Amino acid sequence: MSRIVTTFSRETIISYQSSISSIVNRQSSLVNRQLSIIYHKSMELQMIKVAQAVHVLNHDTQSCNRFAANQWLVQFQQSDAAWDIATSILTSSDHHHLSDYEVEFFAAQILKRKIQNEGYNLHLGAKDALLNALLLAAQRFSSGHPQLLTQICLAISTLVLHAVEHVKPIEKLFYSLQSLRFQNNGNTAVLEMLTVLPEIIEDQNSDCHITSARRYDYGQELLAHTPMVLEFLMQQIDEGFESLIQHHDRSRKILRCLLSWVRAGCFSEIPPGSLPSHPLFNFVFSSLQVASSFDLAVEALVELVSRHEGLSQVLLCRIGLLKEALLFPALKSGDEKVIGGLACLLSEIGQAIPFLIMEANPDALALADGLLSCIRFPSEDWEIADSTLQFWCSLAGYILGLEVDDAENRKNLEECFVPIFSALVDALLLRVKVDDSTYNDNGCILDLPNGLEQFRMNLVELLVDTCQLLGSALFIQKIFLGSWMSSSMHIAWKDVEAKLFMLNAVAEVVLKEGHHFDITIIMQLVMILSSKASADLRGFTCIVYKSLADVIGSYAKWMSAPQTNTRPLILFFGTGIRQPFCSSACAVAFRKFCEEAAEILHGLSNLEILIWMGEGLEERKLPLEDEDEVVGAITLIFCSIPDKKLMYNLFVRFLSPSYETIEKLIEEDNVHALRQNPSTYIESISSAGRGLHRIGTVFSYLTTHLSHALGPDESILELLDVFWPMLEKLFLSKHIESASLSTAACRALALAIQASGQKFGILLPKVLDSMSSNFISFQSHECYIRTASVIVEEFGSKEEYGPLFIRTFERFTSSTSVMALTSSYICDQEPDLVEAYTNFASAYVRSCPKEVLAASGSLFQVSLQKAGICCTALHRGAALSAMSYMICFFEVGVAFLVEPEASTPGRSIQDMVIRVISLSSEGIISNLVYALLGVSAMSRVHKAATILQQLGAVCSLSERREWKTVVCWEILHRWLYAALQTLPAEYLKAGEVESLVPIWVKAVVGAASEYLESRRQCGGETNNRGGHMQGEGGRLLKRLLREFADNHRNIPNLVYCN
């Protein structure tokens, strides 16, 4: 068959190709339309799901359904699809069934959060598209819910701050706002946008990805638009920017926006002289007289006054108007909102211009009188009076700080301000009283209202200044003015308690000036309250009792002078200590009284009362800090008794209840019975622990208060003869597995050792063996290591105990819990153990002689390795304690290395130091670098720099000695390089290691040189002012480490493992 060859013309081919292309385009368009339909349907489905989940979260009655909805929404928020869906909810007007405020608000919140967390990852085109969409949403919802518009504007502001690709992103936003103004309701959206933008820029916590420097640049760019913004605000005032918005809403929106820009500093470029006549200032002032805008007007004026001194002078001239138009009517009607706002404003005005207030012109006096009226106002809380305190403090401080040499000027000052501050005392006496509900409450558990308690705390400084200004004589006269008790013996207890508070607050000034007052009134109150039955000491009476105890404690020196007061006061304290609300105040007052009245309490009847108080402590179960006060007070009196035999007998009687509780616990016959009843056993453990705590407190006071002329060692040893056998038996018992009991026993033992000093040495082998053995048995009880630290500090210098200390150090170091400290994570789980162990090691290094240290090289090597790991822990106390131990070791080591031509023992200790440093320093440096990473690094910069400085000193000393082969600058350089090089790649920039190491080494060289020179100048001792980090080289090293830590602050801490 012949082949048929068909030829086509060029036009035919082109026509054919065109037909094919048309078919393809139609099919492609059809596919695109179908894909678009699928996409929109999928989008609408997702939007419906979001709306349903929001509705369930906010309205479903079943908690399980709300929880499930919340979980779904959280996952949705983290998805990439959330960008498009949330944007569609806010911008699309096609889905009327989704038009729900809660859904739209949720969508705005999602976008704001995603911009904060992920906005820096968006490319420029996506950012611009999102900004346009959000501006459209702002215009769409400008007449809707204000909170929704605010959320949208917050999202816009956050997005603008992320638009780093634009040279001036804020200028670009303002260009967009100009277009938005001409849209329907556009001015409303623009006003809200201008309100939140400065707030977002100023808020350091709004976005951690924006640095302080960039925020500053944004702030300057923002302020460049100040004239445009102020002009816009004035136009809104004149035009009523939206007819749909009512007048009061319009004023509040303008004030909010103006306040935001004032805080940003918008008026800083305006000449001060033109501010008082500025239309916006007059608008704010006139807004004070509109109830709906009063609060924002006050807030704006306070901000303006704090930034522009000239405005304070202008407002001072308008004080009369403010009082007549606003303050007096508010006082008459009881409008606390207006009174509180004016109190804040007047106080701020007065603080800004104390020099004008000092002129005491009519306006200044009117301001002071207005603030006195605010204090006197009987509001239900104390916020109004509290808001004025700073003004009065600043005024009093200003007057007290003036050096008025001219007698006539001083007289004029006194004539003007003594009446004012005298009236202030009267007003404060009214406001420090308790409210009626507190006064009439007869409940057993009572406390001052929180507002009054805070007000009184803030008031103390002012009362002290006022007392100095008026003089203690006049101040006390004001307090005691009028009879506290009428002839019918009806006592105004509210007035009494208020006066007692004020009397106690100024005690220091009164005692210093020496103006005595009539203490018979105080003693009358003591007799009245002491005579009340225990059942009657409740409610407000307890508050009075506490305040009276505070006064007696503060004026203990004067109260103890008449001996007739002694017995009633002791009984007063004894009664009050039993009451939970009064116990702390009475215990402190009792201790202060005993300090002043020690000698006059030696009478047998008084001593019997003290014994009675001490014997009752076990039954009363006071807080331990209150028990410490009571036990300390009684111990003070006993220590001052000249008759040693009587003193010893009193201590035996005083401590007998404590000994009995411990002996009862450790009696073998009782062990089984106690454990059979858990509640009884817990009570017995608690009682024994409290008894040990009291014994320890006695020993602590014996250390400092027992008269040396009476031979303190003998007296204390007599008590030890009873104490140690009992304690030794306790340490051997099964009960010591209780952590609280172990802690109390170790505390008592440590205090006994410190009280007895070297006389305790005969018991040392048994005690240290008990400490190490019990720690091995109960390794969660780090109290045994802490007590061993006290022993080492007390006896470490004694060479004969060297083998004992080495053995103890070995047992602690080889214990399972210490050897388990192999990662920062484990150190964070055992911070108390880390602190106890490293503190023991520090005490060992500081206290033990050369021969002992020289024999401890292997222990130092292990303990320094553990300390290096622990310094990487997140727990601040554990890390710093570990670093302190390393500093201590290097400090002592350098001291040994600088000794010239050492003897054989000296060479031995030097060799040990070099060997330990050569073997440990590489790991230490690696750990220090890890410790400088993450959010917790800044607190460790100083100690890390100190350790590097000390290592540098060792390298300097080694360069001229035979140790150069194991420790020198070249080796330190390698250690630093290796430490940085081993960090994960994402922690360092390219080439950062190569640039950091030479700079750090150079800084270490300078710091080490300063350190050694400081030691030389101080005769071998480190001068704290120049030895560590105080010279130029030290400061440079510290700055370099701080910069490294700051640059790596946002890096999560690694878990360092050995």
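**Figure 1. Crossing of helices H28 and H30 in the predicted model.** The crossing of H28 and H30 is left-handed in this predicted model. Tyr545, Leu548, Ala549 and Ile552 of H28 meet Leu569, Phe572, Phe573, Thr575 and Gly576 of H30. Of the residues in this contact, 7 are nonpolar and 2 are polar, with no charged residue taking part. H28 spans residues 540-554 and H30 spans residues 566-577. Their axes lie 11 Å apart and the packing angle is about 135°. Angles over 145 degrees would count as roughly antiparallel and those from 65 to 115 as roughly perpendicular, so H28 and H30 are oblique to each other.

Figure 2. Helix H3 covers residues 81-91. Of its 11 residues, 8 are buried, so the helix is largely enclosed by the rest of the structure. The buried set consists of Ala82, Trp83, Ile85, Ala86, Thr87, Ser88, Ile89 and Leu90. Across the protein chain, which has 1058 residues, 53% count as buried.

**Figure 3. Valine 588 in helix H31.** Helix H31 runs over residues 583-596 and contains valine 588. Is this valine buried or partly exposed? Valine 588 has a relative accessible area of 24% and is partly exposed, because the cut-off for buried is under 20%. Alanine 633 is 45 residues away from valine 588 in sequence, and the C-alpha atoms of the two are 8.8 Å apart in space.

Figure 4. The chain contains 53 helices and 0 strands. Among its contacts with a separation of 6 or more, 76% are between residues 24 or more positions apart.

**Figure 5. Confidence along the protein chain.** The mean pLDDT of the chain is 85, and 87% of the residues score at least 70. Among the elements, the highest mean pLDDT, 96, belongs to helix H45 (residues 831-847). The lowest, 63, belongs to helix H36 (residues 668-676).

Technical notes: Residues are numbered from 1 along each chain as its sequence is written. This is a predicted model: local features need pLDDT of at least 70, side-chain atom pairs count only at pLDDT 80 or more; totals for chains, interfaces and linings use all residues. Side-chain values use heavy atoms; hydrogens and water are left out. pLDDT is the predictor's confidence in each residue, from 0 to 100. Helices (H or I, at least four residues) and strands (E, at least two) are DSSP runs, numbered from the N terminus. Axes are lines fitted to C-alpha atoms, for helices over the stretch in contact, and angles run from 0 to 180 degrees between N-to-C directions. Angles under 35 degrees count as roughly parallel, over 145 as roughly antiparallel, 65 to 115 as roughly perpendicular and the rest as oblique. A crossing is left-handed if the near helix is turned anticlockwise from the far one by less than a right angle, and right-handed if clockwise. Contact means heavy atoms within 4.5 Å. Ala, Val, Leu, Ile, Met, Phe, Trp, Tyr, Cys and Pro count as nonpolar, Asp, Glu, Lys and Arg as charged, and the others, Gly among them, as polar. Buried means under 20% relative accessible area, exposed over 50%, partly exposed in between (1.4 Å probe, protein chains only).
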